Amino acid sequence: MRTRTTTAALIAAGLLLTLAACGTEPEPDKTAGPKPAYKVTKQDTEGNKRNVEVEVDTTKDLRAVFDDVVRGLKDEAGYYVMINCSSGGTAAADNRLANGQYANGSMGAATTGLDDGTTEFDTNDGATCPA
């Protein structure tokens, strides 16, 4: 009889914990602002060195765009992120606003020369994004 009581008590405790967990929602990230507007126009999916081309309509929040793109890169590789204005470029030359690198894993570190998990980001001085 004692085994049944212990088993019943464990089941009841487990149900209470499950119900308590279901009633809670994760806290929203209060440091995250609105997601920057951008469009990934080209992204390599194979190899140790991968290029990611991004288009934006404004020069505002370029670092936030870069950071958001990097958060979505999961494969071990060295990533080169190029941020271009969606207008003002030509078929021969894009309208480059910023460049960045991201090293994901030891292969990413070897490819980029950065430490694993780190980034490097630079904007092009005087770059504009016409409407």
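**Exercise 1. Identify the largest nonpolar core and the elements that build it.**

Step 1. A nonpolar core is a set of buried Ala, Val, Leu, Ile, Met, Phe, Trp, Tyr and Cys residues joined through side-chain atoms within 4.5 Å. Buried means under 20% relative accessible area, exposed over 50%, and partly exposed in between, with a 1.4 Å probe and protein chains only.

Step 2. The largest such core holds 19 residues, and Val52, Val54, Val56, Leu62, Val81 and Ile83 have the most contacts inside it.

Step 3. Two or more residues each come from strand 2 (49-56), helix 2 (62-71), strand 3 and strand 4. Helices (H or I, at least four residues) and strands (E, at least two) are DSSP runs, numbered from the N terminus.

Step 4. The model is predicted: local features need pLDDT of at least 70, side-chain atom pairs count only at pLDDT 80 or more, and totals for chains, interfaces and linings use all residues. Residues are numbered from 1 along each chain as its sequence is written, and side-chain values use heavy atoms, with hydrogens and water left out.

**Exercise 2. List the contacts of Val56 beyond four places in sequence.**

Step 1. Contact means heavy atoms within 4.5 Å.

Step 2. With residues up to four places away not counted, Val56 touches Ala37, Tyr38, Leu62, Val65, Ile83, Asn84, Cys85, Ser86, Leu97 and Cys129.

**Exercise 3. Determine why Asp68 counts as buried, and name its contacts.**

Step 1. Asp68 belongs to helix 2.

Step 2. Asp68 counts as buried because its relative accessibility is 17%.

Step 3. Apart from neighbours within four places in sequence, Asp68 is in contact with Lys35, Pro36 and Tyr38.

**Exercise 4. Find the aromatic pairs and classify the one formed by Tyr79 and Tyr102.**

Step 1. Rings of Phe, Tyr and Trp (its six-membered ring) pair if their centres lie within 6.5 Å; planes under 30 degrees apart count as stacked, over 60 as edge-to-face and the rest as tilted.

Step 2. Searching the whole structure gives two aromatic pairs. Tyr79 and Tyr102 form a stacked pair, with 6.0 Å centre to centre and 20° between the planes.

Step 3. This pair links distant parts of the chain, since Tyr79 is in strand 3 (residues 77-85) and Tyr102 in strand 4 (residues 96-104), 23 residues apart. Both Tyr79 and Tyr102 are buried.
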